Amino acid sequence: MESFEKMIKRLLSEASGLAPETFASLVSAPPKPEMGDYAVGCFPLAKAFRKDPKKIAADLKEKVDLGGTPFSSAEAAGPYLNFRLDDAAMARLVLEAIRQEGERFGHSDFGAGKTVIVDFSSPNIAKPFHIGHLRSTVIGASLYKIYGALGYKPIGINHLGDWGTQFGMVMAAFEEDGSKEALEKSPISYSLKLYVDYNKKCELDPQARELAKSWFVRLEEKDAKALDLWSMFRDLSLRKFEKIYERLGVGFDYYTGESFYNDKMEGAFQRVEKAGILSRSEDGAEMIDLDDYGMPPFILKKSDGATLYATREIAAALYREETYSPSLLLYVVGTPQELHFRQFVQSLKLMKLDLADKIVHVKFGHVHGMSTRKGEVVLLEDVLDEAAAKALEKIEENLAAGKLEQGVEKMALAESVGIGAIIINDLKHRRERDVSFDWEQALRFDGETGPYLQYSLARVKGILRKAGVEHPSSPDYSQLCEPETRALVRALADFPAAVEKAARDNEPSHVTTYLFDLTKAFNLFYTRHRVIGAGKEKEGARIGLVSAAGVALANGMRLLGVPVLERM
């Protein structure tokens, strides 16, 4: 639709003698479809023309030349000039573009030549990969795909929590009474058990706490035994994480966790010191004073000289800037860390680094109502298992009712439907809002759910299989003239704009909302108009329309990370 807007601006420029940019913010959608496809508000033109906006609209209507354009009319309605697209011309332009672009429909060179870093997921090694990591994972993965579709070079980084004093406790516990067999069998849950049990021991035995501290000191000093133990915990946990990521369809370009920046900390600290913004607290801690900005200090070193997460954050940002020269750095981290990112950005500004203006905290709310059969600790792996199990129950019900195709591989389908349900339940909400999760609602095959999108696409694919052709030759687009048909064509044309808006706002829910609107438009069209057997001319045009709807729906689902299914 953006190309049509540009056309309107050119037409108005030619009719008025003003530059096309004059009309840049004046083109919008009318409040009612029957009024047209575009409305140009003439209020801001009153000063330039020294006329009443109603008179301006009427004059422009007389001067606009629609010859050779896809517009059928331009009508003045009070202070607005409303443009309507010719049904056949719009269908031809939209459907042929989709046919030619295929899986690249919705893609563009919007961000060509630019790099965007997406820092997301970031679970802690030797601790459970819990449900709290779900939102960062699916939001970040979707943004990675959306930016990639718009021509950016996206770099996905998993900033693992793979360093810290908790490793001292885990190593001390493992050396005391650990089982390598149990660790290899279930690295995350077993590491958590070691940590929890040893933490309880420390409460009763101060010497145990000192032993844990000594193990972490050995790790920081690169003691061979400590490094071997740490590497074993990290590698086994990471393998487990990667299996979960594989189920979610998520990948990363780099796993550069906190440990990666150990040898870069001192350099970052020196950059702060050189900027002249380092100060010391009464107890000897070294920090960046942010009192003038209404924030607590950004503490870089404790009084004993130990560096903190803030130092690693600065070191990571400097490394990313020097290594990748990004245009944007997105940190997909929960809203509770908002103060931390304000401190972080302000500290970079005080260091006089342009880098500060590139950082975006992509914050998000909590997930409520998600539980499993396995107890109080809500592990993400358990949630995925639960989703697949509950999806299987729904599939069995729908198979018995004849709503799904017989002969589908039920277990694979259940996995895909369960994953799609979890992802869409998250990404249909604005990210800053808290998300409520209800298994029954999320797994419905109608309404605003992942299974509904998957089922709608499977229906499209079924129609095309029955037709025996996806792209009929020389379709007669003048046959696509019914209100429901026109509404579907118009919805298809809006997809590229929805993708760009999602990137501008770092809001994948814009794509989700678009897909729900598209499926509603498609299902309304399909329930009211026969496709197969509609007559040669109508059937050909409608098959082309159905095919285009399938392309847009599948492309949007891929951007969200929802499994695309050919059959259901």
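Guide: Two strands count as paired if DSSP finds at least two bridges between them. Strands (E, at least two residues) and helices (H or I, at least four) are DSSP runs numbered from the N terminus. The model is predicted, with local features needing pLDDT of at least 70 and side-chain atom pairs pLDDT 80 or more, while totals for chains, interfaces and linings use all residues. Numbering starts from 1 along each chain as its sequence is written, and side-chain values use heavy atoms, leaving out hydrogens and water.

Let's start with the sheet. It is open and has three strands in the order β7-β8-β9, with antiparallel pairing. From one strand to the next, the twist averages 40 degrees. Between β7 and β8 (residues 286-288), which run antiparallel, there are three bridges. Look here for Ser279, which stands opposite Met287 in β8.

Directions come from lines fitted to C-alpha atoms (for helices, over the stretch in contact), with angles from 0 to 180 degrees between N-to-C directions. α12 lies across β8 and β9 and runs at about 90 degrees to β9. α13 also touches β8 and β9 as it packs on the sheet, its direction making about 75 degrees with that of β9.

Both helices lead us to the largest pocket: α12 (309-324) and α13 (338-350) are among the elements that each supply at least two residues of its lining, as are α5 (134-149), α6 (166-177), α9 (206-220) and β10 (328-332). A pocket is an open set of points on a 1 Å grid over the protein atoms alone, with protein on both sides within 12 Å along at least five of seven lines; a cavity is a set where a 1.4 Å probe fits but cannot get out, and lining residues have an atom within 4 Å of a point. Points are joined across faces, edges and corners, and volume is the space filled by probe spheres set on them.

The largest pocket has a volume of about 1300 Å³. Of its 47 lining residues, Asn124, Gly161, Trp163, Glu258 and Tyr309 lie nearest the centre. α9 gives the largest share of the lining, six residues. By class, the lining has 17 nonpolar, 20 polar and 10 charged residues, where Ala, Val, Leu, Ile, Met, Phe, Trp, Tyr, Cys and Pro are nonpolar, Asp, Glu, Lys and Arg charged, and the others, Gly among them, polar.

From this lining, follow α6 to its neighbour α10 (residues 224-248): their axes come within 11 Å and cross at roughly 100 degrees. That makes α6 roughly perpendicular to α10 (65 to 115 degrees; under 35 is roughly parallel, over 145 roughly antiparallel, the rest oblique). Phe167, Val170, Met171, Phe174 and Glu175 in α6 meet Lys225, Ala226, Leu229, Trp230, Met232 and Phe233 in α10. This contact has nine nonpolar residues, two charged and no polar ones.

Terms used. Contact means heavy atoms within 4.5 Å.
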